[in-house]
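Please read the numbered points with the model in view.

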Amino acid sequence: MPRRTRTGSSPRPSGKKMPEARIVWRGKQLNQRTVAMIEAAEKLYRSKFAILQGSYNTGGVAASAGTHDGGGAVDIDVATKSPAQRRAVVKAMRQVGFAAWLRTPAQGNWPYHVHAIAVGDKDLSRGAAHQVAEYRRKRNGLANRGKDDGPAGYYGMTWELYLKAHAPATSSSPEADRQAITIAAAVGA
Ligand SMILES: [Zn+2]
């Protein structure tokens, strides 16, 4: 009989965990950790996102250059949103621990979207892991290795740090945000 995991316990950052469980969510392949992160970002943004591309999508979108082959990757459609809304989506994703950037048609063969990689995901593809490293170097994650063009201040954030600062059942507050940023800064970012 398989060993049952405890329910209701919060993730232990240093504990050994099973690989992130894959699920189909809103018609896209993702893992549970990534979905929980997206849902938390939607709460911050106060509206649902439209998912363009999920994870585990090998060969699905050539322009993604393999970053969506493994876990933790998601693209959000922001084609019809205003510049301010696009920034707000990027910010909400960064706040919960994604390396996230606005991608524009001027940068590649793609529509306006927010490309995001879950920092610390155990299933990241090689390309996605490289982008996380670039994010932490405050770069844009593109081949041109340009400067990061999104809201600063979240380079050290992870989902686990976000959870630590935000009790599950309570809504977010500026105080909790400040706490998470302080923790993120303490771990080096
Ligand atoms: Zn993408």
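**Notes on the predicted model**

1. In helix H3 (residues 126-136), the buried residues are Ala 128, Gln 131 and Tyr 135. Here a residue is buried if 20 or more other C-beta atoms lie within 10 Å of its own, exposed if 12 or fewer, and partly exposed in between, with C-beta atoms placed from the backbone. Viewed down the axis of H3, its buried residues fall within an arc of 55°, so they line one face of the helix; the arc is that of the directions from the helix axis to the C-beta atoms. Arg 126 and Ala 133, on the other side of H3, are exposed. Just after H3, Lys 138 has a positive phi of about 60°.

2. The model is a predicted one: local features need pLDDT of at least 70, side-chain atom pairs count only at pLDDT 80 or more, and totals for chains, interfaces and linings use all residues. Residues are numbered from 1 along each chain as its sequence is written. Helices (H or I, at least four residues) and strands (E, at least two) are DSSP runs, numbered from the N terminus.

3. The cover over the buried residues of H3 includes E4, E5 and E6. These strands belong to an open sheet of four strands, ordered E3-E4-E6-E5, with antiparallel pairing; two strands pair if DSSP finds at least two bridges between them. Strand E3 (51-53) and strand E5 (98-103) are at the edges, each with a single partner strand, so one side of each is left without a neighbour in the sheet.

4. Within the sheet, strand E4 (residues 73-77) pairs with strand E6 (residues 113-118) in the antiparallel sense over five bridges. Ile 76 stands opposite Val 114 in E6. Helix H2 (residues 83-95) packs on the sheet and touches E4, E5 and E6.

5. Which residues touch the most other members of the largest nonpolar core? Met 93, Phe 98 and Val 114 do, in a core of 35 residues. Such a core is a set of buried Ala, Val, Leu, Ile, Met, Phe, Trp, Tyr and Cys residues joined through C-beta atoms within 7 Å. H1 gives the most to this core, with six residues.

6. Separately, strand E1 (residues 22-25) and strand E2 (residues 28-31) run antiparallel and are joined by four bridges. Trp 25 has Lys 28 in E2 as its bridge partner. The hairpin of E1 and E2 has two residues between the strands, and Arg 26 takes a positive phi near 50° there.

Note on methods
Two residues are in contact if their C-beta atoms, placed from the backbone, lie within 7 Å. Axes are lines fitted to C-alpha atoms, for helices over the stretch in contact, and angles run from 0 to 180 degrees between N-to-C directions.
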